[in-house]
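Look at the sequence and the model first.

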Amino acid sequence: MIPALARRCLPVDRARPARAGRRTVADMSSDAAADRAAAAAAPLTFGMARPRFGLAALSSPPAAAAPAAEAATGPAGDSVSAVMGTDAAGLSPDGARRGEPGGAADALVLADATVAYGRTTALERVSGRVPAGRTVALIGPNGAGKSTLIKAILGLVPVVSGSITVLGRAPADARRDVGYVPQADTLDPDFPVSVMQVVLMGRYRRIGWVRGPRAADRAAAAEALAAVGLAHRAKDRFGTLSGGQRQRVLLARAIAARPRLLLLDEPFNGVDAVSQDALLRALAELTAQGTAVVISTHDLALAHLACDDVCLLNRHQFGFGPPERTLTPDLLRGAPPRGRGGGGGPPRGGGAPGAPPGGAPPRGPPRWSWAATV
Amino acid sequence: MTDLLVTPFERPYLARALVELLLLGGLAAVVGVFVLLRRLAFLTDALTHTVFPGVVIGFLIGGQDGVFPGALVVAFVAAGLFTLLSASRRVGEDAALAILLTGFFAVGVVLVSRRSSYTADLTTFLFGRVLTVRVSDIVATAAVAVVVLAVLAALRKELLLVAFDPRAAQAAGYRVAALDLALNLAIALVVVAAVRAVGTVLVIALIVVPAATARLLSDRLAVVTAAAVGLGMAAGWIGLLISYHVSVRAEVRLATGATVVLVLVAAYLLALAFAGARAGLRRRAVAAAVGPGSAAGQDGAAAEAAAGQDAGAVDAAAALGRAR
């Protein structure tokens, strides 16, 4: 189990050498570390429906992994406070600690964003930032607003208060640099297109109107297809591929567009281990090149494994930060944050730094049990 | 052979009819491929019926020359309305479409019924009269063909993307409703062009059947398009010949437009049988490869083969569903 997991981790972690101390191969393959991990994260395994990912084994021991600075800045609230303007330099303590440039490098900034369909509020007061080259998981039960948030980032659903900034622009103005990967099983398997034709669709925006794809576009598409390990299936009909392979083709389509921010809607649903591995590898390659990635998923283990930060959603945000601080039993059970919409607040003790002063009286979010939804 | 296939067209009215049917067959088939991909068969059907009152009003105002502009105006209005309807994606969209369809159609029938030559006029508008096609009609059809094919060629990538994955198209910043409107207008133009030759009712067959048939025979879009165009044109030619020969030799009058449609449907049924047989053979080959080694032996293979045939039938039913 452990060597297999270590291998799975490899491409992901190699992409982020700066983050020593968390989930390194050495850590993972050391029995002692694994034991500590199991001990530390044991409570998290409740309700985990995918034992092959054994979350306990994946979690690094929080005490060992979290640098002292983390404790000083307080859990989970730091990035929110930066977004909400308390950090004048635009440099969150989080970013500074990791030695990454803040401000300009942000691919996505959510600032207290509320999203609504007409009069129905779908998602309230979400905050967070995704710097270039980083990966964020959107976690929540069905109907939590994960897809809605993705649509809002694409500028397809209006932001009624707060703001969403994509690559320094309004969402609708940034679409050309934003890739979107839908769930493969929403597409018609009978549709008469080849795999290559699907990947070429990612180039349509660059090709422009009227003209057909040129050699450079075909080369980019072939390269993207190779990146997901499906170069040999280029001529096959899309529908003849397995679900996981179709998902990889859709990722290749997005990669072919060379996005700077990539949004994936439940990419691991019903995907076999081989395809999952290939997806993670391709995503790691992308982030290494500086693309920011947002993944909506049910899979806590994958979020833990492949993502730098986790955004917990259920109609509103109740956590944002590194997995080891957000994927805690308290937060997953939906423990009430301090103050309504003070997303990212600590599960208990101390006021959330990002909570608006004089906000609405404390009100717990709708409680939900992770065990019932995974 | 030449006598049978070519000589009849030495008569000018048959030659004109042939040119018109070839133009329409090819044009409608190309539009039909996009209709098939975007699953717009029902909407296309509604559009054909909706054009009917336009034809009648145009005829009442301007005689034969008023038919084309009358149909054109109403078709464009209907295409716009349908795009709005389908963009809103409300519950009961089908019902709204059906109401529009029958409402428009009834207006046309009421208008025609006020004329003394009610039955003859109605038949002409509904089923066309390709043998009376004039050169000016052919020119109009050719002009429509140029416009529609140019639009479809220019938007082929985007229309393909919208048909395959509308959400991704939207995410990439394309205006899906605008692209749908372009396609609906193209369909409307083809319906208008076909009014004289095959009438407003049968044109749906020219659009939907060739593409559906070609789709049964191939998975490759380029092949599907080429086959659909070939089939659409061939059906026009063969249908015209059949109706001519039967009329001349057996003295049984066959309506040309309907004969063309029957040829198309026959081709579809043949393709269906072919696709079913191919799927059955494939399953049988798989069963034969798997069968001998298994303990179930012959029974297993037979069951697999039967299942294969069932699957073929299911495939065919699915294809039929796509066609509708």
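Which residue is the bridge partner of A:Ile139 in β8(A)? A:Leu312 is that partner.

This is a predicted model, in which local features need pLDDT of at least 70, side-chain atom pairs count only at pLDDT 80 or more, and totals for chains, interfaces and linings use all residues. Residues are numbered from 1 along each chain as its sequence is written, chains are lettered from A and ligands numbered from 1 in the order in which they are written, and side-chain values use heavy atoms, with hydrogens and water left out.

Some terms come first. Helices (H or I, at least four residues) and strands (E, at least two) are DSSP runs, numbered from the N terminus. Two strands pair if DSSP finds at least two bridges between them. Strands of a sheet pair through backbone hydrogen bonds, either parallel or antiparallel.

Six strands of chain A form an open sheet in the order β5-β6-β7-β3-β8-β9. Its pairing is mixed. At the edges are β5 (178-181) and β9 (317-321) of chain A, each pairing on one side only. Neighbouring strands are turned by 15° against each other on average, direction ignored. Angles run from 0 to 180 degrees between N-to-C directions, and axes are lines fitted to C-alpha atoms, for helices over the stretch in contact.

Strand β3 (residues 135-139) of chain A runs parallel to β8 (residues 309-313) of chain A, and four bridges join them. Within β8(A), A:Cys311 stands opposite A:Leu138. β8(A) also pairs with β9(A), in the antiparallel sense, over four bridges. There A:Gly319 in β9(A) stands opposite A:Leu312. The hairpin of β8(A) and β9(A) has three residues between the strands. In this hairpin A:Arg315 takes a positive phi near 70°.

Is β8(A) buried or exposed? Five of its five residues are buried, so β8(A) is largely enclosed by the rest of the structure. Buried means under 20% relative accessible area, exposed over 50% and partly exposed in between (1.4 Å probe, protein chains only). Both faces of β8(A) are covered. A:Asp309, A:Cys311 and A:Leu313 are buried on one side, and A:Val310 and A:Leu312 on the other.

Helix α9 (residues 146-153) of chain A lies across β3, β5, β6 (261-265), β7 (292-297) and β8 of chain A. It runs at about 150° to β6(A). Helix α13 (residues 243-256) of chain A lies across β5 and β6 of chain A, at about 170° to β5(A).

## The three-stranded sheet of chain A

Another open sheet has the order β2-β1-β4 in chain A, with antiparallel pairing. β2 (120-131) and β4 (159-166) of chain A stand at the edges with a single partner strand each, so one side of each has no neighbour in the sheet. The twist averages 15° from one strand to the next. Eight bridges link β1 (residues 106-117) of chain A to β2(A) in the antiparallel sense. Among the bridge partners are A:Asp106 and A:Pro131, the latter in β2(A). Helix α9(A) packs on this sheet too, touching β1, β2 and β4 of chain A. Its direction makes about 115° with that of β1(A).

## The helices of chain B

Chain B has 13 helices and zero strands. Of its 324 residues, 49% are buried. Contact means heavy atoms within 4.5 Å. Among contacts in chain B between residues at least 6 apart in sequence, 77% join residues at least 24 apart.

Two packed helices are described by the angle between their axes and the distance between the axes.

| Helix pair | Axes come within | Crossing angle |
|---|---|---|
| α2 (residues 12-38) and α8 (residues 156-164) of chain B | 8 Å | roughly 30° |
| α6 (residues 118-127) and α10 (residues 176-217) of chain B | 4 Å | roughly 80° |

Angles under 35 degrees count as roughly parallel, over 145 as roughly antiparallel, 65 to 115 as roughly perpendicular and the rest as oblique. α2(B) is therefore roughly parallel to α8(B). α6(B) and α10(B) are roughly perpendicular to each other.

In the pair of α2(B) and α8(B), B:Phe34, B:Leu37 and B:Arg38 meet B:Arg156, B:Leu159, B:Leu160, B:Val162 and B:Ala163. These residues divide into six nonpolar, no polar and two charged. Ala, Val, Leu, Ile, Met, Phe, Trp, Tyr, Cys and Pro count as nonpolar, Asp, Glu, Lys and Arg as charged, and the others, Gly among them, as polar.

In the pair of α6(B) and α10(B), B:Phe125, B:Leu126 and B:Phe127 meet residues including B:Ala197, B:Gly199 and B:Thr200. This contact has seven nonpolar, two polar and no charged residues.
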